[in-house]
Structures are given as structure tokens and as C-alpha cells.
Amino acid sequence: MTIAIELAYLIASILFIMGIKLLSKTKDARRGNILSSVGMLIAIVATLITINVVTFVEIFICILIGTAIGIYYATKVAMTKIPEMVALFNGFGGLASFAVGLSDYFLKSGTSLESLDAVNLTSIILSVLIGGVTFTGSMIAYLKLDGKVSGQPITFSGQHLINLVLLIAFVVTSVLVFIDPTNLIFIGILIGISLLLGVLTVIPIGGADMPVVISLLNSYSGMAACATGFILNNNVLIVAGSLVGASGIILTQIMCKAMNRSLTNVLLGGFGQTVATGGQDGPAIVIKEIGVEETAMLFDSVSSVIVVPGYGMAVAQAQHVIRELMEQCEKRHISFKFAIHPVAGRMPGHMNVLLAEANISYDKLIEMEAINDEFPNTDLVLIVGANDVVNPAARTNPKSPIYGMPILNADKAKTVIVSKRSMGKGYAGVENELFGYPNCLMLFGDAKQTITKVVSEMKEMG
Amino acid sequence: MTVSALIILIYVLVLASYLGFELISKVPPTLHTPLMSGSNAISGITIVGALIACNEMGYTTLSKWLGMVALILATVNVVGGYVVTDRMLKMFKKK
């Protein structure tokens, strides 16, 4: 019987691996996700076989509650709110691993102490630490993304010192747990420190850095699952957990590279606060405005368009009306593409999902490296709700906090139209010198409303 | 746990991590959001641990209650994660 169950876990692990492998091609991706969910089902059923039948009632109830919440949330959530949902679910996963670790601790410390060996204790301590940090960290990330807590970095003096002291206290208390495993006070201190560390490490991180934080927390939730695998001596937990851990780390690296910053720099936080004065020494930017009608006429006269979407497009819910704009342009045989910066939006790939939702074919969404050489030969670039990712200061101004960050060369196009609510600064708090360029025109107003007007003007032109 | 059992678990950890790095670096950026929500669902594998933790008679022990909380949370993570990933991937079309 045990062999059958172990084999089932092996099959589940293989299905997870195949599922991720299929994600490398967009057309196979959906099948990959289904394979991975079948793997999960096999792992659950195999585990249920080992479970005592008497406990099936409460297990059934818990699974029912979880399934209902999961399905309800997953089918209702708006595509613009995916980052919030991922942060929330990450937190749930972290808390689950945290609870499994503690459950095992209370079980073993209550019955036979000899089963609480060094490996076991280490794994329990790690799952409490990683699970706890993942839980509270993800909750703060969720609250920040959802606007319930300010997206601005929250910093205070001695922040890093406090984190360091907490970490040292954690290590010291862990040693005490090894000396006296049944002392509940020590475990309580470990729980408290873990939860506090999650809060303290995420609050100093600003809104624009959220893609990095979500990726990192994603990785942590996998590592927490790994730690529970070591507690329960279970390979499928370790395989699945390390796949997720690796995935999160890779995404974190990609995000950091796209912002030209090190992970330490992001995690220390407070980005964008000290630079608020930096804009004052330069000459004031003189901008040119453009109206809706002129914009429509401009679109009517060009032969190639590239749209640069940013988080502002998601906020304004402008992706559907941009598809209508695309249809109008394609009717006129105008080449129409999208340039996607890796950190556009609030999580990796956020823009792609929104544009896919608006029924825009994915082969029109071009990555930064692939499209950057096309800008000089492009007639018109429309920037919707993006700012820092097109700021030429990243190339030209060594004093700028975003200097060195790879950007989309939107400024090299013949004409640039920026759809923007007002003359606010980007999330990095930096003045965008692109707005003052001679080829740049500002289209002020809510992106959805102004572009809707542009589209109806174009329809009238026929 | 014996040392040899621990070594095998560490082997699995190291090899699976390497495999994960290889596979995930090939996922195109356009699918990074579904990758994240999908891998989020996979991290719900801790549901296996939660089921084992629930396997205790009666409702008197703390470990039982923690197991049940873990089971609900892990189920939300697994079911919600897979459903929302499928919803997203369904939208990725080429015309």
C-alpha cells in the first residue's frame, strides 16, 4: 500500500514538472495548468487513502469550505486585481505551511518526545519562520496593492537595526527550543518574531517595487512548503515546493534586472523618497497639449503605431477601448503593436493578462529587447499610464534615481502622445523629461474617456 | 529521521530546484502572471501536510485545529490558484 502511495506522489511530481514545462509555449499553457491540477488531485487522493476514515467528516467540511471560497474568489476577481489575489493566496499558502509545522510540533511535543529529533525541530522552526514571514508579508503587500494601506514606503529610523535584532533573537530562541523542546514560551516567541518580521520587511517597500515583492513572497511560499516536506519526510512536498521556490527567485531576478537595482536595494526600501528634491535643479519642463480631435487626425494619418501600456491603463480600465482603437487602425492598414516593459504594472506579466482579457492577440505584445529598435521607424507612440519605463533620464541623467534602468525608447519615435490624468510624477517620484521633448504631445484626462472620444472621432472619419 | 533519509530529501530538494530553474527560465514573459498564479496553486501542495495533520481523533488538541485551519487555507490556495490561472490562460489567443 505504501508503495502505491509513494508511486502516486511520484506521478504527481512528474505532472507538476510537465505542467510547468508546457507553460513555455503560450498555446500549450492551458493544458499545462490542467496537468498540474491533475497532479494535485492525485496527491490529495493518495494522501486521503492513508487517512483514518473517522476523520473524513471534518476533512470533507474543511475541503468544501476552502473549495467554495477558492472558486468564488477566482471566478469573481477582476483581471486588474490579479496582483492582489496572488498576494492574498500566497499569504494563505504561507499560513497553511506555518500551521502544519506548528500542528506537527504540538502533536509530537504532546506525545512522544523522541520523535522530535534535530531534523524535525529544524524543519518546524523553518516552516514557522518562512510561513509566518510569507503570511504577514503577503497580507501587507495585499493591503498596499489594494490601497487599504498607503503604497508609499513606510520608513522610520532604526528600521534595519530592529530587523537585525529580531533575526538574532530568532536564532537565539531557536537554540533555546533545541535545549528545551517542550517549553511553549520559546515557541511563542518564535511565532511572534516570524509574524513581526513579515510586516517589518514589507512596509518599507514602495508601490512600484511590488512586482519584486510579490515574486519574492511567491518564492517563500514554495520554500515554506519545502520545509513542511522535511517535517513529514515527504518527497512530493519538496519537489513542488522547490519548483515554486525556483520560479519565484527567477521572477525576482528578472524584475530587479529590469529596474537596474539589486535585490538588497529593493528590500531596504524607501526608494523614491530622497529624490523628491532632485527635480528642482533642472529647468522647468515646457509641455505641449493635444486635443482629442487632433489625436484622431494624427492616428488617421500615420502608418505605424506602438502603444506603451503601464499601470495607469489598468487603473483607468482602458484596455478594452485600446482594442477598439487597434481595430480602427487596422481597418486603415496601420501597423499596431504593443511594447511591454518587464516591470509595467504591479506584477510580472500584468499588462499581458489585461490585454489578453481585452481580446488582443498575444503576438502583438512585444517584449522590450525585441521592440526597442523599432521605435525610430515608428510614426506614432501612444503611452497610456506608463511613466518611469519611458523616461529618457534613465539613459541621459546620471543624477536621476532611475539612471541605468533599461527603458523603452519611445522618445525616438516621430511623434509621442502621452495619455495622462495630470502632470503628476511617476512612482519613482521623478520628473519625466520626455514630456518636454519637441516630439511629445500630452493628451490630458482619464485614459478611458479620452481614448473613447478618439475612437468615436475616428469612426466618424470612416 | 536517519541521516540517509535526510540526505535523500536534500538530494530531491537540490535536483528539483535545478530542474525548476531550467524550466522556468524558458517561460515567456507574456505568461509570467499565469506562471505566478499557477505556481502559487502548486505551493498549495502543503495541503498534503494539512491532511496528515488533520488525521487525529477528537477535537481536543491544538494540533488538530491547526491542521483543519491549514486544510481550509491550502484548499483555497489550490482551488483558487488553478481556477484563476485557467481563467487567464483561456484568454490568451492568437488571431
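User: Among contacts in chain B between residues at least 6 apart in sequence, what share join residues at least 24 apart?

Analyst: This is a predicted model, and in chain B 65% of those contacts join residues at least 24 apart in sequence.

User: How many helices and strands are there in chain B?

Analyst: Chain B has 4 helices and 0 strands, which gives the pattern α-α-α-α when the chain is read along its sequence.

User: And is chain B spread out or compact?

Analyst: Chain B is more spread out than a compact globule, because its radius of gyration is 18 Å, well over the 12 Å that the globule rule gives for 95 residues. Its C-alpha trace spans about 60 × 35 × 10 Å along the principal axes, and buried residues make up 64% of the chain.

User: How many residues does each chain bring to the contact between chain A and chain B?

Analyst: The contact takes 78 residues from chain B and 95 residues from chain A. On the side of chain B that touches chain A, the largest share, 28 residues, comes from α4(B), and the residues of that side divide into 47 nonpolar, 23 polar and 8 charged.

User: Switching to chain A, which residues of α17(A) are buried?

Analyst: In α17(A), which covers residues 447-461, the buried residues are Ala447(A), Thr450(A), Ile451(A), Val454(A), Val455(A) and Met458(A). Seen down the helix axis they fall within an arc of 140 degrees, so they line one face of the helix.

User: What do they pack against?

Analyst: The buried residues of α17(A) pack against several elements of chain A, including α11 (292-301), α13 (319-331) and β5 (415-420).

Technical notes. Residues numbered from 1 in each chain as written. Chains lettered and ligands numbered in written order. Predicted model: local features only at pLDDT ≥ 70, side-chain atom pairs only at ≥ 80, totals over all residues. Helix = DSSP H or I, 4+ residues; strand = E, 2+ residues; numbered from the N terminus. Expected span 1.5 Å × (residues − 1). Buried ≥ 20, exposed ≤ 12 C-beta atoms within 10 Å, placed from the backbone. Arc of directions from axis to C-beta. Contact = placed C-beta atoms within 7 Å. Nonpolar A, V, L, I, M, F, W, Y, C, P; charged D, E, K, R; others polar. Rg over C-alpha atoms; globule rule 2.2 N^0.38 Å.
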